[in-house]
Amino acid sequence: MSEKKVLTPYERVVTARKAGRPNILEYINALFDDFIELHGDRLYKDDKSVVGGIAMFHGKPVTVIGHRKGKNTEENIQCNFGMTSPEGYRKAIRLMEQAERFGRPVITFVDTPGAYPGMEAESNGQSNAIAGSIACMSKLSVPTVTVITGEGNSGGALAIAMADSVWMLENAVYSILSPEGFASIMYKDPKMAEQACEIMKITAPELKEYGLIDGIIPEGNRCFSAIDRMLEAELLRLGKLKPKEIVNLRYQKYRKLDGLCNRK
Amino acid sequence: MTIDDIFSRRRKNWNSLIKMRKNTPVPKDSVCPKCQESLSLDALKANNWVCQSCGWHLAVTAMDRIEMISDEKSFKEMYADIRSNNPIDFPDYEKKLEINRRKTGQLDAVVTGVCKIDGMRTAVAVLDARFLMGSMGTVVGEKIARLAEHAAKRKLPLIIFSASGGARMQEGLFSLMQMAKTAAAIERYKSAGGLFISYLTNPTTGGVSASYASLGDIIIAEPDALICFAGPRVIEQTIGQKLPEGFQHAEFLLEHGMLDMIVHRKDMKKTLSTILKLHGQGGVKVE
């Protein structure tokens, strides 16, 4: 086997955004059986930038939620290039609350440039929706696993990524803000995104070293089966815990991500 | 911990507080940033830092805010000694922190502690927009989480005054994780029966607006405060047009159902006191 070239952070961003990368529908198709998609937030509309539903995983029902990016321009317009509005997060909350009631594990797939920065999204409470989704995930007593498959930017990604176990594909990126947004804040120039990537620490190996993610999944033709094995192992491990233990362990996990705050 | 330890710690806190107050520079000019009217500092202070001419609520320091709402000398600062460790080795971040520490007399962008409001003990946190735009990194996240845990344990109500540009860029994904941490700590506090009053001041945006600050049982804002997830500039770039007047300001949010009320600063203490009273002493269920 030839040795893989190690990509620079910016090359990973470019790779993570490639239209040819599998999107949520392909992951669902490859990993789950009997997927039934559920629509709408019951308040206003169905946001197509979030796909959610129930499916079988190794014979057990699970709730699956993920950002959706299109494969072509037409699809991308439909799902707003994976940029979610409040309605999408509220759909996610609705499905997670159902999962809690029926004791189904929640598996999420993250791939978003960020939450949608539009007028309607702001008027309808983008902050409220993201905060609500994070709060909802923090209280679930069922196992939760997140896979960051492409780009996971900002609160828009975190809204469905506050899981017991968080994994990244080898070339996925996970960051506080898109490198363009970061460059425009820090250097007043979005074109400096490439330089920004060097200092932002957004790649899977860097984040694994900081303990901010739990593991990395190799890409290539065995990627789907690697995700399958990881999910099976994690659900088995988490499934052994009592509901209360799951909530407590998750709380402690995020409580400890303090960047080693020093007490003087 | 012995009684002596407790007292020496208290003394230390009190001393650090006094030192902090001394270090806080007095603003040199006194021009309203909104209407450009020049104002006398004494008159401004007497008017709770509200412009007499146009009613704009000027930014206040964390300590001034605490003084405005708490009974005299009732504030005990907590967790004042937590400092950032530059978790992602961000270039020049330590230098920047030092400049902001000297400017504000605080180690980071939030002051936390316990005070009394009309005799009712309350946990309180105040973000200070002078310190790196009040951005939330590991220290702000840790202090808010600790305060929420302390409030749950002592059955105290919790008031957090936010003034923040959002998550702190210089701490990368660690900052994003503080959204998860603070939201989880607030939810846990609320599940234990605690009353959380989220008080939004100008500006409350990004990662702060989209985490604990939106989870208040009661959400109050100051007049005309900018409150949003994505800032006006970002939205204007996305949609390619100018935003209408007042978009994302407190009055707009109230109209869209995102706030409970807008309160003028002169009524701030009275309003908080009434809400606390309506929730019974402390506002936390007694088991």
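This is a predicted model: local features need pLDDT of at least 70, side-chain atom pairs count only at pLDDT 80 or more; totals for chains, interfaces and linings use all residues.
Residues are numbered from 1 along each chain as its sequence is written, and chains are lettered from A in the order in which they are written. Local features need pLDDT of at least 70 and side-chain atom pairs count only at pLDDT 80 or more, while totals for chains, interfaces and linings use all residues; side-chain values rest on heavy atoms, with hydrogens and water left out.

Consider first the aromatic rings. Rings of Phe, Tyr and Trp (its six-membered ring) pair if their centres lie within 6.5 Å; planes under 30 degrees apart count as stacked, over 60 as edge-to-face and the rest as tilted. By this rule there are eight aromatic pairs over all chains. In one of them, the ring centres of A:Tyr210 and B:Phe174 are 5.5 Å apart and the planes stand at 70 degrees, so the pair is edge-to-face. A:Tyr210 lies in the loop between α10 (204-209) and β8 (215-217) of chain A, and B:Phe174 lies in helix α6 (residues 172-191) of chain B, so this pair joins two chains. Helices (H or I, at least four residues) and strands (E, at least two) are DSSP runs, numbered from the N terminus.

How covered are these two residues? Buried means under 20% relative accessible area, exposed over 50%, and partly exposed in between (1.4 Å probe, protein chains only). A:Tyr210 is partly exposed at 25%, whereas B:Phe174 is buried at 5%. Elsewhere, ring pairs link A:Tyr27, A:Phe32, A:Phe57, A:Phe109 and A:Phe224 into a cluster.

The next element is strand β6 (residues 196-205) of chain B, in which nine of the ten residues are buried. Two strands pair if DSSP finds at least two bridges between them. Strand β5 (residues 158-164) of chain B runs parallel to β6(B) and is joined to it by six bridges; B:Ile159 has B:Ile197 as its bridge partner in β6(B). Four bridges join β6(B) to strand β7 (residues 218-221) of chain B, again in parallel, and B:Tyr199 has B:Ile220 as its bridge partner in β7(B).

Finally, the cysteines. A disulfide is a pair of cysteine sulfur atoms within 2.5 Å, and the search of the whole structure finds zero of them over all chains. The sulfur of B:Cys35 has its closest cysteine sulfur in B:Cys54, 3.7 Å away, which is too far for a bond. Likewise, the sulfur of B:Cys51 is 3.8 Å from the closest cysteine sulfur, in B:Cys32, also too far for a bond. B:Cys35 is partly exposed at 29% relative accessibility, while B:Cys51 is buried at 2%.
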